[in-house]
Amino acid sequence: MEKIVSLCKRRGFIYQSAELYGGLNGCWDYGPLGVEVKRNLKDYWWRRNVQEREDIVGLDGSILTHQAVLTASGHVGGFSDPMCDCLLSKARLRADQIEPQSGTAYHYSGASGGDWSIERKFAVLLREGQNENKARKTARQYYAQFHPDKSLSPKTLELQGETTSEENNTTSFNPENGSLLTEAREFNLMFKTQMGASSSEDDPNAVAYLRPETAQSIFTQFKNVLDTSRMKVPFGIAQIGKAFRNEINPRNFTFRSREFEQMEIEYFCRPGDGLRLTDEWLENRLSFYEDIGLPREKLHVLDVPDGERAHYSEKTYDIEFDFPFGCQELEGVAYRTNYDLSKHQEHSGKPIEYFDETTKEKFIPHVVEPSAGCDRTVLALLCEAFDEEDVVDSKGKTETRTVMRLNPKIAPIKVAIFPLLKKNEDQVKISREIQEELGRFMNVFYDETGAVGRRYRRQDEVGTPFCITVDFETLGEEEPELKGTVTLRHRDSMEQERVAIADLLPRLLSEIR
Ligand code: GAP
């Protein structure tokens with residue numbers, strides 16, 4: 001991961017947000033190449049799921065969300081994670097992600113120093129083999145926080161009421177430093193904000209939320225879409241957009257962020273079709289991932305067991321990917337029944353029913369939801385593409401080639417164009433003409449600096465699948481029959497072939513779509 005994160009920064013894929021000011025935790029900025037990768041992914045998802053299908057239409061809902069919407073959906077009351085704080089370092093941890101530990105707990109009732117004393121319970125867990133003085137040192141550091149003299153050395157404090165107990169598989173202590181944690185409390189993950197200039201803090205009508213999923217605007221606009229687009233069930237509404245969650249522990253680069261993008265489809269159907277369509281969507285989504293370059297053997301399906309699914313779901317498959325930091329969720333395919341539409345009908349008091357012309361039945365449609373994370377997919381693609389290999393250069397020297405083996409559909413630059421010699425005016429002129437011609441259809445990059453081998457390496461590192469070199473043959477100076485042809489070099493095999501300039505556009509278009 002370190003190599004990937006460093007390449008992402010060095011070559012302009014992904015930067016830490018507000019890095020200039022020490023960084024905004026859980027937020028990321030996509031640089032010139034990252035933004036291209038992300039757009040390519042979103043465009044391809046949209047083309048496959050909306051433009052190429054008759055039964056799915058799109059939506060672009062607002063990010064600011066009416067509190068009534070999220071009250072009806074259950075997010076205001078229940079979208080929370082259990083959270084606890086380390087009494088010593090103040091680090092905030094997800095209570096359900098703490099590894100159970102065993103060992104000896106040292107308990108204290110307080111501490112004193114000179115005429116100062118404090119009565120407050122604290123404890124430290126020592127794992128087998130750790131020295132008891134470690135527990136005392138940690139406890140002194142804890143009590144020293146309460147001493148009025150902040151320069152006081154914790155060593156001068158005397159601990160009160162030391163007792164010990166044996167603990168088995170406890171999650172009450174911070175695995176990092178052994179300190180006792182607070183009791184777990186529910187922590188709502190939504191970002192709340194005030195709307196309007198004169199809003200007062202306690203005016204409930206002025207409260208809005210940054211949406212925690214794109215799904216809810218699809219449900220609240222279901223009726224409008226139905227009435228204005230004449231869709232018939234089964235049909236879907238798709239949306240790509242930002243979602244926000246105040247994650248307690250953002251981690252693993254962009255994997256768990258506080259601001260991220262989702263690509264969601266709500267596929268409305270008759271009640272009896274929900275389970276079958278969930279299975280169909282699972283297969284559809286797996287083939288999508290294979291199509292963009294994630295191999296099937298690195299994708300895993302978790303059939304989420306009863307009791308672990310979201311409250312609204314009768315069936316959920318998690319599609320997981322083998323990231324370098326472990327096998328983790330990429331997308332959820334959930335059968336949400338008619339939970340959301342029913343709740344919005346109940347809370348708004350307005351009918352959201354569907355009338356089936358053929359059966360003359362009225363019902364609230366059920367929904368299957370394939371919900372993918374755009375940033376997570378980009379991360380998976382970058383991880384999968386990253387490769388280092390030993391190659392022998394033209395002088396027989398072995399060097400390491402870093403190559404991003406991105407699928408051409410996803411690669412940020414589709415083709416790089418080089419004149420062999422930047423001083424050769426004819427080569428430069430032809431290269432610029434090719435750049436202009438291809439640039440109308442795809443992202444191209446012109447480079448004339450450095451040896452051609454170095455230029456290839458620079459493109460390999462950012463995943464450019466093709467490089468075109470305009471050379472003396474192109475001008476017809478060496479072999480007249482090669483006039484009007486260029487070298488087309490392939491990133492993965494490093495093979496080169498001669499291609500007529502006139503054939504470049506159709507050839508490349510067929511490779512990058
Ligand atoms: N509408 C259903 C829903 O939002 P979810 O499993 O909470 O379900 C769907 O989220 C997908 O969104 C996840 O599979 C993941 O790819 C992405 N996602 C969720 N939380 C994320 C986070 N904090 N950072 C990045 N991506 C996230």
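The questions and answers below go through the ligand, then the sheets, then some single residues.

Author: This is a predicted model, in which local features need pLDDT of at least 70 and side-chain atom pairs count only at pLDDT 80 or more, while totals for chains, interfaces and linings use all residues. Residues are numbered from 1 along each chain as its sequence is written, and side-chain values use heavy atoms, with hydrogens and water left out.

Reader: Which residues come nearest to the ligand, and how many residues are around the ligand?
Author: A residue counts as near if one of its heavy atoms lies within 4 Å of the molecule. Glu213, Arg245, Glu264, Glu329 and Leu330 come nearest, out of a total of 19.

Reader: How many residues of the shell around the ligand are charged?
Author: Here Asp, Glu, Lys and Arg count as charged, Ala, Val, Leu, Ile, Met, Phe, Trp, Tyr, Cys and Pro as nonpolar, and the others, Gly among them, as polar. The shell holds four nonpolar and five polar residues, and the charged ones number ten.

Reader: Which strand gives the most to the shell around the ligand?
Author: Strands are DSSP runs of E with at least two residues, helices are runs of H or I with at least four, and both are numbered from the N terminus. At least two shell residues come from each of β15 (259-269), β18 (326-337) and β21 (366-373). The strand that gives the most, with five residues, is β18.

Reader: What distance separates a backbone N or O atom of Leu330 from an oxygen atom of the ligand?
Author: A polar contact is a pair of N or O atoms within 3.5 Å; within protein, one must be able to donate a hydrogen and the other to accept it, and residues adjacent in sequence count only if both atoms are side-chain atoms. Arg245 places a polar side-chain atom 2.8 Å from a ligand oxygen, and an N or O atom in the side chain of Glu247 is 2.8 Å from a ligand nitrogen. For the backbone atom of Leu330, the distance to a ligand oxygen is 2.7 Å.

Reader: What is the order of the open sheet of five strands, and which are its edge strands?
Author: Two strands pair if DSSP finds at least two bridges between them. The order is β25-β24-β26-β27-β28, with mixed pairing. Those that pair on one side only, and are therefore the edge strands, are β25 (444-446) and β28 (496-500).

Reader: Which residue of β28 is the bridge partner of Thr487?
Author: Strand β27 (residues 485-490) pairs with β28 in the antiparallel sense, over five bridges. Within β28, the bridge partner of Thr487 is Arg498.

Reader: At about what angle does helix α13 run to β28?
Author: Angles run from 0 to 180 degrees between N-to-C directions, along axes fitted to C-alpha atoms, for helices over the stretch in contact, where contact means heavy atoms within 4.5 Å. Helix α13 (residues 501-512) lies across β24, β26, β27 and β28, and its angle to β28 is about 120°.

Reader: Where does Gly114 take a positive phi?
Author: Strands β7 (residues 101-113) and β8 (residues 116-126) pair in the antiparallel sense over nine bridges, and Gly113 has Trp116 as its bridge partner. With two residues between the strands, Gly114 has a phi near 60° in the hairpin of β7 and β8.

Reader: Which residue does a cis peptide bond join to Val233?
Author: The bond has an omega of about 0°, and the residue in question has its place in the loop between α7 (222-229) and β14 (235-244). The residue joined to Val233 is Pro234.
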